[in-house]
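Here is a short briefing to read beside the model. Keep the structure open and find each element as you go.

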Amino acid sequence: MKEIKVGLLGFGTVGSGLAEVLLQQAERLRRKTGASIRLCRVADIRLEALPPQFKDVELVRDADLIFKDPEIDIVVELIGGIEPAKTFLLRAIEHGKHVVTANKALISQHGMEIFEAATRKNVEVGFEASVGGGIPVIKALKEGLVANKILSIMGIMNGTANYILNKMTDEGMAFAEVLKEAQAKGYAEADPTYDVEGIDTAHKLVILMTMAYGMRVSLADVSIEGISQIEPIDIDFAREFGYRIKLLAISRNHGDTVEARVHPTMVPEKDMLANIGGAYNGIQFTGDMVEDILLYGQGAGKMPTGSAVAADVVDIARNILCNSVNRVPCLSYLPEEIKSRGITPMESLRCCYYFRMTAMDKPGVLSAIAGILAHHRISIESVIQKARHKKGTVPIVMMTYEAEEASVRKALAEIDALDICTDKTVKIRIMKAHAE
């Protein structure tokens, strides 16, 4: 029986998850592939020993012992970050190894360099676990939807942000309080910036856009806003209007240009995305043949992500066994077909908006604000003015009809400069029936 040997860089949460999957599912994988897929070597500078169930796996500190081993077929990188992960992957490829990674930051920023190196050496790159954890998002886009022109991508792609917003919604807790709890439970990192400010979500959107549209995309192309400015009062108003606030990644295909944005969004309560709770992810593709497809599941975690990494290992193992390496291009499109394409300017976006102004409690305030909005051709659908929020001030909440982002920015800059407004206006875009 053919044996496929795997070398692993990093035995942290996901690395140990992959090791457990390959050990626990060894017989099942043998029956599905006709080969023995064996983890034979781990490189990790932090460990003195591996857990006892991995007594047959060699632990080393020098990653070169994996790259230079002629018997190792597949190298899996699970150390995270840009360096030394990038150098390690390129070194493995140079030695003719197939590679697998869950490193979304690396793939979104340096993926093209890695894919081009792999093409030159005729080896494969697996990165299923870089988006959606245990959800088979990459495979669905690369193979299942291959006959579709992708019209849009929309989804909840960060479990930490989703957990925080759900706790705020269901329990009325403030952002800082929920974040502290999420860190205590291990749902959020000590430095949660990438999660709560939308950067992690943007990395994943870059990867999906590259595959969906066959285009070169960078993180700089994505307009990014996080959730740290969302307050319980905004959650309450959203509920009053029939919405839930979610951090969404959104891209729409306009032909010559595509949208690329991550921001808090008011989602109608009846929409499936509004009802994705906890630390789960939900990613929706719209294709011209299939219309809407929603993939839902655990977007992170030791075993779900380990399962996704194992799926890449198995795919590559099957291709090795059948002598069909690179049968499916890494990015679905052939490398020569991946082109540069324009990004739709954020200023040209048209959608409905939620505004919350904090203003002095005195006559003429509402008319002054409404006058500025009217001047910029922003029509108000509804207004709520509650009792005093802070001493001497009141929250004024407005929902608008569809308006242009550029006009909204100009109007809010004028409103925030008024003496009667005491805090910066909170602006949240609204999703209406799968279109903004």
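In which helix is the place of Lys204? Lys204 sits in helix α10, which covers residues 199-213. The model is a predicted one.

- Lys204 has a relative accessibility of 6%. The cut-off for buried is under 20%, so Lys204 counts as buried.
- Leaving aside residues up to four places away in sequence, Lys204 touches Lys104, Ser130, Val131, Met157 and Asn158.

**Helices α6 and α10**

- Two packed helices are described by the angle between their axes and the distance between the axes.
- Helix α6 spans residues 137-144. Its axis and that of α10 come within 10 Å and cross at roughly 10°.
- Angles under 35 degrees count as roughly parallel, so α6 is roughly parallel to α10.
- From α6, the contact uses Val137, Ile138, Leu141 and Lys142. From α10, it uses Ile207, Leu208, Met211 and Ala212.
- Sorted by class, the residues in the contact of α6 with α10 are seven nonpolar, no polar and one charged.

**The open parallel sheet**

- Six strands make up an open sheet with parallel pairing. Their order is β3-β2-β1-β4-β5-β6.
- Which strands stand at the edges? They are β3 (58-60) and β6 (125-126). Each has a single partner strand, so one side of each is left without a neighbour in the sheet.
- Strand β1 (residues 3-9) runs parallel to strand β4 (residues 74-77), and four bridges join them.
- Val6 has Ile74 of β4 as its bridge partner.

**Helices on that sheet**

- Helix α1 (residues 13-24) lies across β1, β2 (36-43) and β4. It runs at about 150° to β2.
- Helix α4 (residues 85-94) also packs on the sheet. It touches β1, β4 and β5 (98-101). The direction of α4 makes about 155° with that of β5.

- How many of the eight residues of β17 are buried? The count is eight of eight, so described for residues 393-400.
- In a regular strand the side chains alternate between the two faces of the sheet.
- In β17, Thr393, Pro395, Val397 and Met399 point one way. Val394, Ile396, Met398 and Thr400 point the other way. All of them are buried.
- Strand β15 (residues 350-360) runs antiparallel to β17, joined by seven bridges. Thr358 has Pro395 of β17 as its bridge partner.
- Strand β16 (residues 380-385) also pairs with β17 in the antiparallel sense, over five bridges. Ile380 has Thr400 of β17 as its bridge partner.

**Helices α13 and α14**

- Helix α13 covers residues 365-375, and helix α14 covers residues 405-416. Their axes come within 9 Å and cross at roughly 155°.
- Angles over 145 degrees count as roughly antiparallel, so α13 and α14 are roughly antiparallel to each other.
- The crossing of α13 past α14 is right-handed.
- Ile369, Ile372 and Leu373 of α13 meet Ala411, Glu414 and Ile415 of α14.
- By class, this contact of α13 with α14 holds five nonpolar, no polar and one charged residues.

Methods. Residues are numbered from 1 along each chain as its sequence is written. This is a predicted model: local features need pLDDT of at least 70, side-chain atom pairs count only at pLDDT 80 or more; totals for chains, interfaces and linings use all residues. Side-chain values use heavy atoms; hydrogens and water are left out. Two strands pair if DSSP finds at least two bridges between them. Helices (H or I, at least four residues) and strands (E, at least two) are DSSP runs, numbered from the N terminus. Contact means heavy atoms within 4.5 Å. Axes are lines fitted to C-alpha atoms, for helices over the stretch in contact, and angles run from 0 to 180 degrees between N-to-C directions. Angles under 35 degrees count as roughly parallel, over 145 as roughly antiparallel, 65 to 115 as roughly perpendicular and the rest as oblique. A crossing is left-handed if the near helix is turned anticlockwise from the far one by less than a right angle, and right-handed if clockwise. Ala, Val, Leu, Ile, Met, Phe, Trp, Tyr, Cys and Pro count as nonpolar, Asp, Glu, Lys and Arg as charged, and the others, Gly among them, as polar. Buried means under 20% relative accessible area, exposed over 50%, partly exposed in between (1.4 Å probe, protein chains only).
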